[in-house]
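Please read the following briefing alongside the sequence and the coordinates.

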Amino acid sequence: MPEIMVNNIHKSFGAMQVLKGTSLSVKSGEVVALIGRSGSGKSTMLRCINGLETIDSGSITVAGHTLDGNPKHLRALRTDVGIVFQSYNLFPHLTVGENIMLAPSIVKKVKRTEARKAAEEALKLVGLSEKFDAYPDMLSGGQQQRVAIARSLAMQPRVMLFDEVTSALDPELTQEVLTVMETLARKGMTMVLVTHEMGFARRVANTTVFMHQGKIWETGPSQDLFANPKTPEMRQFLSADV
Ligand code: ADP
Ligand code: MG
């Protein structure tokens with residue numbers, strides 16, 4: 001059974017149809033890049049997968065949990081699925097370690113010593129072990145984003161979703177965040193990432209999905225898709241300066 005199954009979902013905001021019969025299947029350990037023009041529905045897609053948006057029709061099952069309106073299933077899904085956004089939203093009055101320990105302590109009711117261990121492991125994975133007691137404003141944007149990733153990882157998710165996590169960062173800081181994501185990919189994490197980093201998508205994602213006007217316009221192994229885009233829309237998207 002695939003780790004993520006999105007089957008023919010529709011989603012509108014008022015009169016505007018944003019997702020128009022979108023399907024996606026992601027295997028355990030697979031890395032999928034979602035690319036496409038601004039407004040094509042990429043973020044909405046990720047938010048639906050995490051249950052942050054309700055769908056109008058279709059079905060979604062992630063890590064064995066089906067979004068069927070049952071709040072228990074939604075909660076179970078959320079603990080197994082981490083999502084990281086462009087804005088890191090760390091609590092400024094808490095240290096890095098405390099930020100990371102918060103969700104495991106509150107949501108999973110993990111003991112403090114255990115939460116601390118998970119936080120230390122997550123921080124190590126993003127290469128920031130020495131920042132446990134630092135406050136967020138002492139860190140660079142790239143470091144803060146890596147803490148945000150560590151905060152998600154401390155929940156020990158089965159799936160990670162990334163929505164343009166490097167878009168607000170300078171090029172050199174972008175690189176350190178991409179490196180963390182590549183490490184995760186190599187460790188076998190199931191990931192869906194929305195990105196403008198085409199080189200990264202091509203190199204790291206097993207599959208790339210090009211969304212256009214709320215539909216999956218083209219999809220396939222990343223190498224093939226980038227080397228040989230089939231639709232004029234994707235060709236134009238790739239040649240545009242994005
Ligand atoms: P992308 O991430 O590809 O740029 P989005 O999924 O954010 O696209 O948005 C797709 C469309 O849905 C856009 O036209 C956007 O304005 C609209 N949209 C997204 N979220 C909402 C919302 N909460 N309310 C109304 N419209 C929304
Ligand atoms: Mg978006």
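Two strands are said to pair if DSSP finds at least two bridges between them, and the helices (H or I, at least four residues) and strands (E, at least two) are DSSP runs numbered from the N terminus. This is a predicted model, in which local features need pLDDT of at least 70 and side-chain atom pairs count only at pLDDT 80 or more, while totals for chains, interfaces and linings use all residues. Residues are numbered from 1 along each chain as its sequence is written, and chains are lettered from A and ligands numbered from 1 in the order in which they are written.

**Annotated region**
- An unreviewed UniProt entry lists residues 4-238 as "domain: ABC transporter"; such positions are given in the numbering used here, with feature names shortened, and annotations may be inferred rather than shown by experiment.

**The antiparallel sheet**
- An open sheet of 4 strands, with antiparallel pairing, has the order β2-β1-β4-β5.
- Strands β2 (16-26) and β5 stand at the edges with a single partner strand each, so one side of each is left without a neighbour in the sheet.
- Strand β1 (residues 4-13) pairs with strand β4 (residues 57-62) in the antiparallel sense over 5 bridges; within this pairing Ile-4 has Val-62 as its bridge partner in β4, and Met-5 stands opposite Thr-61 in β4.
- Strand β4 is also joined to β5 (residues 65-66) by 2 bridges, and these two strands run antiparallel, with His-65 in β5 as the bridge partner of Val-62.
- The hairpin of β4 and β5 has 2 residues between the strands, and in this hairpin Ala-63 takes a positive phi near 50 degrees.

**Nonpolar core and buried positions**
- A residue is buried if 20 or more other C-beta atoms lie within 10 Å of its own, exposed if 12 or fewer, and partly exposed in between, with C-beta atoms placed from the backbone; a nonpolar core is a set of buried Ala, Val, Leu, Ile, Met, Phe, Trp, Tyr and Cys residues joined through C-beta atoms within 7 Å.
- The largest nonpolar core has 68 residues, of which Leu-34, Ile-49, Ala-150 and Val-192 touch the most other members.
- Helix α6 (residues 171-186) gives the most to this core, with 6 residues.
- Leaving aside neighbours within four places in sequence, Ile-49 is in contact (C-beta atoms, placed from the backbone, within 7 Å) with Ile-4, Val-6, Ile-60, Val-62, Leu-161 and Val-192.
- Met-160, which lies in strand β7, counts as buried because 21 C-beta neighbours fall inside 10 Å, and, not counting residues up to four places away in sequence, Met-160 touches Gly-82, Ser-152, Leu-184, Met-189 and Met-191.
- In helix α3 (residues 96-106), the buried residues include Val-96, Ile-100 and Pro-104, and what covers the buried residues of α3 includes α4 (112-125) and α5 (141-153).

**An exposed loop position**
- Asp-170, found in the loop between β7 (159-163) and α6, is exposed because 11 other C-beta atoms lie within 10 Å.
- The C-alpha atoms of Asp-170 and Gly-142 are separated by 8.4 Å, although the two residues are 28 residues apart along the chain.

- The residues around ligand 1 (C-beta atom, placed from the backbone, within 6 Å) include Phe-13, Val-18, Gly-41 and Lys-42.
- Helix α1 (residues 42-49) provides the largest share of this shell, 3 residues.

How values were computed. Two residues are in contact if their C-beta atoms, placed from the backbone, lie within 7 Å.
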